[in-house]
Amino acid sequence: MDYEYGIIGGGPAGYTAGMLLAKKGHSVILFEKELLGGTCLNKGCIPTKSMLHSSEIYHSVLNSEEIGIKTNILEFDFKKVIEKKDKITEKLRKSLELAVKNSGVKTVYAEACIKDKNTILANGKEYNVSEIIYACGSKPREIKGLEFNHKFILSSDDVLNLKELPKSVLIVGSGAIGIEWARIFSNFGVETTLVEMAEHLIPQADIDISKRIERIFKGKGIKYYLNDSIESINDKKVILKSGTEISPEFILAATGRVPVKPEIKGVSVLGDSCGEIQLAHYAIHQAKEFALGITCDKSLIPAVIYGKPEIAWVGLREQDYTENCKSINIPISALGKSWCDDSTEGFIKIITQNNLIVGAHIISKEASALIHELLIAIQNKLTISDLKKVCFAHPTYSEGIFELLLRT
Ligand SMILES: Cc1cc2nc3c(=O)[nH]c(=O)nc-3n(C[C@H](O)[C@H](O)[C@H](O)COP(=O)(O)OP(=O)(O)OC[C@H]3O[C@@H](n4cnc5c(N)ncnc54)[C@H](O)[C@@H]3O)c2cc1C
C-alpha cells in the first residue's frame with residue numbers, strides 16, 4: 001500500500017481528518033481539486049462573514065449620528081470589500097496549507113475518483129491506500145425553473161464573485177445563506193426581497209426566532225413573501241404564485257445544497273457529503289469522531305446565523321414540545337450592556353423540562369458565543385439549580401442567562 005489513508009476532498013472534514021490521522025502517526029494522502037479549505041474557507045463561512053462585517057460597518061457609519069459620531073464621508077468602495085475578503089481567505093488558506101504540510105499529510109492538487117475501495121485515480125496515476133475517506137462536500141441545489149444561468153439566476157458561489165453591487169435583488173430561500181445575504185445586501189443599501197415557501201422565515205428555527213426576524217426585517221425595509229414561490233420568470237420580470245410582480249436585477253437562489261456522493265459504497269464518508277447536517281463544525285466533529293473516536297450528540301449541534309443581531313439555537317424548539325416542557329424568555333433590553341452597545345433587539349429563550357434545559361434560542365448581539373454556555377449545560381445535564389450557583393460577570397450578555405434562571 002502507498003498510504004494508509006487516502007482522503008478525497010480538502011474541506012473541513014477532509015483536512016481535519018487528515019491532520020488528526022497524521023498526528024497519530026498514520027500515512028495520509030489528501031486530494032483536492034480546487035483550494036484547500038473547501039467551501040467553508042473559500043466560498044462559504046469565511047468570505048460571507050468578511051462581506052457581512054464590511055456591510056455592517058458601512059451601515060453603522062451611515063447611522064452613527066445618534067451615537068455622537070458625525071461623518072460626511074458616505075462613500076464606499078465595493079472593490080475594497082472584495083479585496084479584503086480575498087486577502088483574508090488567502091491568508092487563512094496559506095496558514096492551513098502550512099498546518100496540513102507540517103502535520104505530515106501529503107497533498108495532491110487534482111480531481112480524484114475512486115477506482116475500487118483501495119484505489120484512487122488522480123492525475124492519471126493510481127494510488128493504493130488501505131482506506132478511503134470521501135469528503136467531497138456539497139454543491140448549490142438547483143430547483144426546477146430556477147436553474148443557474150450565472151447572469152440572472154445566481155448561486156451562492158456566484159454572488160461571491162460580484163464585481164459590483166446590484167440595485168435590487170430577489171433571494172429565494174430564507175435559511176442561513178438567504179438570511180445572511182439579505183443582511184449583506186440590505187446593509188449596503190440594495191433593495192432586498194426574500195421569498196420563502198414555508199409559513200415563516202428561517203423555517204428550521206424556533207417559531208419565536210422566526211417571528212422576531214420577520215419583525216426586524218420589516219423594520220429594516222427588507223421585503224419578504226411567505227407561503228410563496230416563483231411562478232414564472234419572463235425576461236427579468238418575476239411573478240410569484242401570490243401574483244406579486246418583482247423586477248430584481250438578479251435572483252440569488254439559496255435553496256439548500258446537495259451532497260456530492262461517492263461513486264461506490266463501502267468507503268467512509270464525512271462532512272456535507274453525508275447529506276446529514278451541512279455545517280462546517282459538524283464536518284469537523286465527524287472528522288474528530290473518525291480519527292479520535294470522540295463522539296458527539298447529533299441532536300445537540302448548534303446553529304448560528306450571522307448579522308445584527310446574531311441568531312443561534314440548539315436542542316428542542318417550541319414546535320417540538322414534549323411532556324412537562326416550559327419556555328422562559330428574557331428580552332435583551334433587560335440587560336444594561338445592550339443599551340450601552342445600542343443592541344437592545346432580541347431575546348434569550350430556554351426550554352426546560354424537569355429542572356433541566358433542553359433547548360436554547362437566542363437572537364442577540366453575541367448569540368454565537370452565548371449559545372455555547374447553554375449548550376455545555378444541556379449536554380452535561382447541569383440542572384437549573386446547579387446553574388443558579390454560577391456567578392455571571394456584569395455587565396454582559398451572559399448575565400441574561402442568570403436572569404432567566406431566576407425566573408424559573
Ligand atoms: C455561503 C455559505 C455560507 C456558509 N456559512 C457557514 C457558516 O457560517 N457556518 C457553518 O458551519 N457552515 C457554513 N456553511 C457550510 C459549510 O461551508 C460546509 O458545511 C462545510 O464546508 C462542509 O465541509 P466539507 O469538508 O464536508 O465539504 P467542503 O467544504 O465542500 O469541501 C469539499 C472539498 O472537496 C473538494 N472535492 C470535491 N470533489 C473532489 C474530487 N473529486 N477530487 C478532489 N477534491 C474534490 C472540493 O473542491 C472541496 O474543496 C456555509 C456554506 C455556504 C455555501
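User: Where is asparagine 355?
Analyst: Asparagine 355 is in the loop between β21 (347-353) and β22 (356-364). Strands here are DSSP runs of E, at least two residues, and helices are runs of H or I, at least four residues; both are numbered from the N terminus.

User: Before we go on, what sort of model is this?
Analyst: This is a predicted model: local features need pLDDT of at least 70, side-chain atom pairs count only at pLDDT 80 or more, and totals for chains, interfaces and linings use all residues. Residues are numbered from 1 along each chain as its sequence is written.

User: OK. Is asparagine 355 buried or exposed?
Analyst: Asparagine 355 is exposed, because 12 other C-beta atoms lie within 10 Å. The cut-offs: buried is 20 or more other C-beta atoms within 10 Å of the residue's own, exposed is 12 or fewer, and partly exposed is in between, with C-beta atoms placed from the backbone.

User: What about its phi?
Analyst: The phi of asparagine 355 is positive, about 70°, although the residue is not a glycine. Most residues other than glycine have a negative phi.

User: And what is the phi of asparagine 227?
Analyst: Asparagine 227 has a positive phi too, about 50°. Its place is the loop between β11 (223-225) and β12.

User: What about the bond from histidine 394 to proline 395, cis or trans?
Analyst: That bond is cis, with omega near -5°. Proline 395 is in the loop between α11 (384-388) and α12 (399-406).

User: Where does glutamate 310 sit?
Analyst: Glutamate 310 is in strand β19 (residues 310-315). Glutamate 310 is buried, because 20 other C-beta atoms lie within 10 Å.

User: What does glutamate 310 contact, leaving aside neighbours within four places in sequence?
Analyst: Val304, Ser364, Lys365, Glu366, Ala367 and Ser368. Contact means that the C-beta atoms, placed from the backbone, lie within 7 Å.

User: Last one: which residues are closest to the ligand?
Analyst: Gly9, Gly11, Gly38, Gly137 and Gly271 are the closest of the 36 residues that surround the ligand. A residue counts as near if its C-beta atom, placed from the backbone, lies within 6 Å of the molecule.

Notes. Two residues are in contact if their C-beta atoms, placed from the backbone, lie within 7 Å.
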